[in-house]
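Take a look at the protein below.

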Amino acid sequence: MACVAALFASPALLPFPSTTSSMASCSCRLRPAVVARAPRQQPRGRRALRRFDEVEGVSKKRRGIGGGGGVGAGGSQPSSSRRDRGLSVDFKEPQVAEFDDLEEDKFLNAVVKVYCTHIAPDYGLPWQKQRQHSSSGSAFMIGDGKLLTNAHCVEHDTQVKVKRRGDDKKYIAKVLARGVECDLALLSVENEEFWRGTEALHFGRLPCLQDSVTVVGYPLGGDTISVTKGVVSRIEVTPYAHGTSDLLGIQIDAAINPGNSGGPAFNDQGECIGVAFQVYRSDEAENIGYVIPTTVVSHFLNDYQKNGKYTGFPCLGVLLQKLENPALRESLKVPSSEGVLVRRVEPTAPASSVLRKGDVIVSFDGIAVGCEATVPFRSTERIAFRYLTSQKRYCPARNHS
């Protein structure tokens, strides 16, 4: 009993893995001594510890690994053995049921871990490169032998490997396309063994505010898959940190940590609604993470499928100014509170042959542009005017959108 008390009181045994291994190793040795003595009043915590030891001992004995020296072998206490067997069955059955339910979520098996080795160029010493370093991220299967991840996960890569959930083998992956602006990258794995028994994820629609979202990936804190859950907090044009561009983004409050990049975000129906890619860290803000929506993902994939490479997102190439000032609108003879002022036009921009300095853009594709440089979005929302231009496709052959 002194040994049991020492185990329960030791501070080094507080973490669950250490506690479990110590209990299992001591169960067969402590059980004969515990049952042979007369029952006495003990603290509740110590009695719970002994019950766990007895259950583990009976479970091992039934599987043939607990030895033949237990109480059940001698038959001195059959009632205690029957009670222990009943506790053992009750203890094991709920875990098996939960494990079966978890395996039914096959969409988790489509998420893989990405291992990348990077060597970035040294712009101060162009004749050499910087020191090699490694990183890990997440990716998921989209069908046709391809994986989708973030561009910053495979930036300046020299070797990319991927590993499936529950597998101990890493497979070589090849980077097919990188979208720096949208922070997306397309990977392929030529080994057929990697794709055996897998299912691709299905993309869903753009979510609404307060919709539940689940982020899956391989962040820091462990090697196995991780699942965090939250809701959609905001949908608007967001600055993309990797490509310094402004595209549509989904803000969520689910935890996104280093390693989650490239992992999918699911809705309640198990459909992928985006790709986790960045967070906003500040002392004045909490739980602000961002997901690349399926509208941006589909633009990237369709661009690669049509042109065989990534060509980018178009832009007008102009500098715009809001027309919120009534005096400014009156001087430009703009009758209503709408439109944006063109302050500068890039000479090489596609719109240089159409727009010039001093023009006012009041509509785009038949959609009215407000004086705050916003346009209607869905039913009761408004979004930045740049969203409309990013939805167009770039035509390299004609050099305009």
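How many bridges join strand 3 to strand 6? Four, and the two strands run antiparallel. Strand 6 covers residues 184-188. Strands here are DSSP runs of E with at least two residues, and helices are runs of H or I with at least four, numbered from the N terminus. Two strands pair if DSSP finds at least two bridges between them.

A word on the source. This is a predicted model, where local features need pLDDT of at least 70, side-chain atom pairs count only at pLDDT 80 or more, and totals for chains, interfaces and linings use all residues. Residues are numbered from 1 along each chain as its sequence is written, and side-chain values use heavy atoms, with hydrogens and water left out.

Strand 3 also pairs with strand 2 (residues 133-143), again antiparallel, over three bridges. These two form a hairpin with two residues between them. In the turn, D144 has a positive phi of about 60 degrees. Follow L148: F140 stands opposite L148, and in strand 6 its bridge partner is L186.

Now check the side chains of strand 3. K146 and L148 point one way, L147 and T149 the other. All four are buried, meaning under 20% relative accessible area with a 1.4 Å probe, protein chains only.

L147 and L148 are also among the residues that touch the most other members of the largest nonpolar core, which has 81 residues. Such a core is a set of buried Ala, Val, Leu, Ile, Met, Phe, Trp, Tyr and Cys residues joined through side-chain atoms within 4.5 Å.

Notes:
Buried < 20%, exposed > 50% of the residue type's maximum accessible area, 1.4 Å probe, protein only.
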